[in-house]
Amino acid sequence: MATSSTAATATKGPKLKVLPFDPHGDRLDLGKRWEKWFERFERDLKYNGCDPSKTPEIAKMALLIYAGTEVEDLHDTLPEPGRPEGTEEENWTAYEQSKTKLKIHFSPKQCNDFAIFELLRMKIESSESITSYAMRLRKAASKCDFTNWSAEKMIKSLIISNMQDDTLRLKFLQKDRTLDQILDIARKKEDAVARSKVIDRDSRQVVNKVGAKRNQPLQQKETTDQYNRCGHENHFPASECPAISRICNYCKKKGHYASKCFKKQKEAGIKRIEAEPQTDTGTDTNSDTDEYDTAKIELVNNLGMREKPSLMRVRTNDQDILWQPDTGTQKDVWDEAHFRSFKEKTRGEVKLTPTNIKLFAYGGKTPLAVIGSFKAVLTAGDRTVDTEIYVTSEPSAYPLLSEQSAKQLQLIRYNEKFLVKRVSEPCKKVLAMTRRQKIADMIMDNPEVFTGKIGKAKTNEVSLMIDDSVTPVVQKQRRIPVNLSERAESKIQDLLDQDIIEPVPDNQPRSWVSPPVIAPKPDSNDIRFCIDMRMANKAIQCPYTQIPTMADIVNKFQGAERFTKLDLKEAYHQFVLDEQSRNITTFYGPDGLYRYKRLNYGTKSAQDILQLEMHKMLSGIPSQVNIADDILIGGSVEEHDAALQKVLSALTSNGITVNPDKCVFDVEEVRFVGLVFNKQGIKPDPKNVKNLQDASQPTSKVELRSFLGMAGFSERFIPNFASIVHPLRQQLKENIWAWDKICQEAFTKLQASLSEFSLLHHYVIGHDTELVVDASIT
């Protein structure tokens, strides 16, 4: 491989001691950490003699380099900020732009009410001095706006900081409001909750009756337009409704609020409870009533039920309770009415415990108001489950039994044949290896690839090309060692269970039969189970296949920044043999004859067939190469991500799986086919270097030839390789083995010439190039 060198000069930047910034974590904490990190960075930057106003480009590069690669990648994707008012054009440098861009991203939007709340909640620590406490207070107060400060503003801040309703507090912290606005919204919420309880009590008595008489109209609604458009009561006719000119945030149609949207009510169905919190990225709605009139929506859902829900009687702490199993619910949930009734039955024995868990309605973004929880024992038949029941202020017709509890009590059961397990344990291990959320999302989108089980290709069945002119051979059976017979039977059963082999059908010929080769694996109780296919291979022909050369691979990944390596799980066994190709794989088992239904190890053409099938599967996907059961993906971050997405999609659609334990994701350096690839070039695999340096002195031509073959693989990294090995090659030509001093010196020099730190840069067109060739006198 040719080498290249480039002469270039560059200004050296400052050497700082700051550590890279971690751009992950809580949103509010993130802004504080960025502020502290940036102060430390600028202090270190100026201490090292770099003035951002005089050398803004150097300062910008230092900011992105020392902030870390994740921040640098994030910086490149953020929109450019506008120049602040009062900032002169010449002062709006590249450094100032990057600094502003990152500050906007990391710092949460300022809310004066929240800033004052943080000031009010600051307490003096037990061992803290008054001076230190005063410094913290001043720093927090500097973020507050005390312009036109008044008693009303203080009351407003105290209301927000001390209110018990988390959903209201979340709403009030989205933007600043006046005290009157806050009181008005709070009163409406309290009124809505009170009406909800009345409606819920009445609806429980009529819900099933309405379901039976669904063709009859509902009872006459009030004369106001409150249930149709806005939820307000004190207006008539409809032309005076405040929602008449508003656009619905759900269906985008004019004339009603989202809380009154018929489409939303129709699609909502019965509420389901999710345990994972969801981030509210939406903006504030135009109406303060949009979030809270849930009682009437719940009434519409209940009245719209076409039949009685499936209810199951479950013994709950020795009390019979009717539950509604809900496979979309992740926690066991009651409302206040259910809990009060249960408390009366148990004569107050059960008490609620405060909890910080957040529950969300199905598809909702605002957490439900969870009052508390209590532990309970659920019993159905002979099945018992210990669980925790969460009590919310949101009304529901029946207690909701989570999917997990229902499955443990065997009240519901899934057909395993059709069940897709989204995240297996091997898949979780792969997710733990990922460094970027984008890569984790790709893995979550293709969990079938990472089950850790042997896949089954959905492609056409593969065929073995058999020369019919070769006479079939039935080899003599070899006895399985007694100490391995039990493990051999277990291995046969595993292969049968995985649909890899089958007993030879009675109507099939036994013209080819081969013996198994069984050996114990070192440091394991497992065995290697192979078939001696040497006789059968004489009749098997290999298809022509083109395997990428080393030069092809090196050139493809020139300058690549990120790499991912995938290793297929038992690659041969994932491809199904057609019926005509199975008989030649027949072998002796402990209790009869078996044959392979999948491509098997030992077959001469197996690697060529695998290469052809994988080439068809991955053809057209750039920035990737595969050799047998290994797939390497590499390129710039964007090229790598795009190629990885396509490769995983191709494997999923074709039913191929990988071995999660042998895969490597999103790294800057990777080992592949005996080389180490990175952005700068290629290096020898440290394992190959160690094997060469630890090799014993050859004592025969066979050993010398093996040593030269091992060294020859890495000859590109050894300058003057041909000259060094010349005495050793001459020794191979001699009739008599004579290892002399010259051979020993060549052997020692060759071992010392290869280092794991050797690096070959990629060839760059236009750069100065030195050509090193082997030549002879003739």
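The legends below describe close-up views of a predicted model. Local features need pLDDT of at least 70 and side-chain atom pairs count only at pLDDT 80 or more, while totals for chains, interfaces and linings use all residues. Residues are numbered from 1 along each chain as its sequence is written, and side-chain values use heavy atoms, with hydrogens and water left out.

**View 1. Strand 19 and its two partners.** Strand 19 (residues 630–635) has 5 of its 6 residues buried, so the rest of the structure largely encloses it; buried means under 20% relative accessible area, exposed over 50%, and partly exposed in between (1.4 Å probe, protein chains only). Strands (E, at least two residues) and helices (H or I, at least four) are DSSP runs numbered from the N terminus, and two strands pair if DSSP finds at least two bridges between them. Ala-628, in the hairpin of strand 18 and strand 19, takes a positive phi near 55 degrees.

**View 2. Strand 8 between strand 5 and strand 7.** Strand 5 (residues 332–335) and strand 8 (residues 383–392) run parallel and are joined by 4 bridges, with Asp-335 opposite Thr-392. Strand 7 (residues 370–380) pairs with strand 8 in the antiparallel sense over 10 bridges, and Lys-375 stands opposite Glu-388. The hairpin of strand 7 and strand 8 has 2 residues between the strands, and Gly-381 there takes a positive phi near 65 degrees.

**View 3. Salt bridge between Arg-562 and Asp-73.** A salt bridge is a side-chain nitrogen of Lys or Arg within 4 Å of a carboxyl oxygen of Asp or Glu. The closest N and O atoms of Arg-562 and Asp-73 are 3.7 Å apart. Arg-562 lies in strand 15 and Asp-73 in helix 3 (residues 69–77), so the pair ties together parts 489 residues apart in sequence. Arg-562 is buried, at 6% relative accessible area, whereas Asp-73 is partly exposed at 31%. Both residues belong to a network of salt bridges that also includes Arg-436, Lys-438, Asp-641 and Asp-666.

**View 4. Salt bridge between Asp-666 and Arg-436.** The side chains of Asp-666 and Arg-436 meet at 2.9 Å, N to O. Asp-666 is in strand 20 (residues 664–667) and Arg-436 in the loop between helix 15 (425–433) and helix 16 (437–445), 230 residues apart. Both Asp-666 and Arg-436 are buried.
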